[in-house]
Amino acid sequence: MSMLHNRLRNSVFAYRDNRRSFARRHGSEVVSQVTVSQMMGGQRGVKSLLCDVSEVPPDKGLIVRGIPIMRLVDRLPEEIFWLLMTGELPDQTELADLQEDFEKRSKVPDYAWKVLEALPKDSHPMAAFSLLILALERESEFRKQYNAGMTRDDHWLATLDDSLNLIARLPELAAGVYRWRYDLGKRVPRKKGLDWAANYAHMMGVEDKDGGFTRLVRLYMVLHCDHEGGNVSAHTAHCVASALSDTYYAVSAGLNGLAGPLHGLANQEVLKWLLEVLDKFDGNPTDDQLEQFAHDTLNSGRVIPGYGHAVLRVVDPRFTALLEFGNKECPDAPVFKLAEQVFRVVPKILQRIHKIKDPWPNVDSISGSLLHQYGVTQPRYYTVMFGVSRAMGIVSQVTMSRAAGEPIERPKSITFQTLGELLGERAFESVG
Ligand code: NMX
Ligand code: MLT
């Protein structure tokens, strides 16, 4: 039993009992109502999910277990994982224990590589990554123990084991996807003694003379770890896991949502957009040229990738953290400078478009410009890195849901016709 197991074992049942007794006391009280606009507008702002792992106040941005993300930027991702799972940062012994546990669990079974190599080379890296995670479902402790008659009280424990096994293996899987997809030669074996993110950077095989890339990967893994329960990837994973599908199914499903251009794939879209700008103007543009380019993008019916958010109403602090990193480590890098210039120019344009609720940059508007600077010049890979980090939040949320003994998620849908009738309208045309 690892220290993390013991730590959670001491609190899991109190957490579950607390939630149950709260539900008994307040079960019929109203927290949120649903308007027709919300029903038809992606349920924006409807408070119908519980997530204790992190929260995103619109005016502050990501807070992990009570700690604003800007106060966590110098931590290791393993520390963040412990924080997500337990609510506290680990001490040195706990951190070392978790790192040793990850090390022990890190071996990727050989069949995974056969699955990868069977794919056509032009497959999207996110499809390959998600598929590899799904292929590893064969390893699920939860499924094995469920079939062997595990009691409901032990669901969280088997989920924790699946979570640890998966997180331990993700760097190698993701680095394997990178090297395979871009024909970079043999996989680079993991190096004993490196921390989780440093090993990921090492296995990608990116040249890293002064350690800048490793520092970036550590920071990147910290910043993308979680974003409360309602974002597409976390919400999808939560829904899938609520059917008692195991962690592998849930994470793979969540990452399939992350792979959309309005969610995590925006980091790929941003880099493509920045490179288009550099190409068009044969280098960094003037502010006027950039403004015109942004207008052309909007006029062609496309979004400005990396700007706007469904919840945030301020500059994303994850953006600020990466901006500070870039200003310190590579202030003159052309793509980074362009990302910074976009931040100066684009919000003013978006502020003038009334319907846009958040004109500010999100994390995706800058992350790729830094990866590009360190030699990861393939934008289609960027969302995989987002996914490696986000898996930490997803598995923490799923483990907490199991600990709380949450039931299957099953909201009610109604037809448009029924909605009309409810609101006193009768004449409806249906599609088809
Ligand atoms: N560029 C152009 N139009 C935008 C933008 C943008 N960056 N952001 C919002 N809008 C439009 C949006 O498409 C919608 O138009 P319509 O009514 O014609 O459909 C209108 O403004 C209202 O949208 P909001 O209520 O402000 O935003 P919503 O909550 O619906 O969507 C995003 C949030 C993030 C999907 C949206 O801002 C967007 O598409 N941004 C660009 C893509 C992006 O950066 N996604 C990454 C999100 C962060 N992540 O890591 O997942
Ligand atoms: C995220 O990190 O998940 C994104 O910012 C999207 C969101 O929170 O909806």
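Trainee: Which way does H15 cross H17, left-handed or right-handed?
Mentor: H15 passes H17 in a right-handed crossing, where right-handed is when the near helix is turned clockwise from the far one by less than a right angle, and left-handed is anticlockwise. This is a predicted model, in which local features need pLDDT of at least 70 and side-chain atom pairs count only at pLDDT 80 or more, while totals for chains, interfaces and linings use all residues. Residues are numbered from 1 along each chain as its sequence is written, ligands are numbered from 1 in the order in which they are written, and side-chain values use heavy atoms, leaving out hydrogens and water.

Trainee: And which residues of H15 meet H17?
Mentor: In H15 they are Asp287, Leu290, Glu291, Ala294, His295 and Leu298, and their partners in H17 include Leu338, Val342 and Ile349, with contact meaning heavy atoms within 4.5 Å.

Trainee: OK, switching to ligand 2, which residues are around it?
Mentor: His227, Asn231, His263, His309, Arg318, Phe386 and Arg390 are around ligand 2, each having a heavy atom within 4 Å of it.

Trainee: How far is the polar side-chain atom of Arg318 from an oxygen atom of ligand 2?
Mentor: For Arg318 that distance is 2.8 Å, while a polar side-chain atom of His227 lies 2.7 Å from an oxygen atom of ligand 2, and for Arg390 the value is also 2.7 Å.

Trainee: What about ligand 1, how many residues surround it?
Mentor: Ligand 1 is surrounded by 20 residues, and His263 is one of the closest; a polar side-chain atom of His263 lies 2.7 Å from an oxygen atom of ligand 1.

Note on methods
Helix = DSSP H or I, 4+ residues; strand = E, 2+ residues; numbered from the N terminus. Polar contact = N/O pair within 3.5 Å; in protein donor to acceptor, adjacent residues only side chain to side chain.
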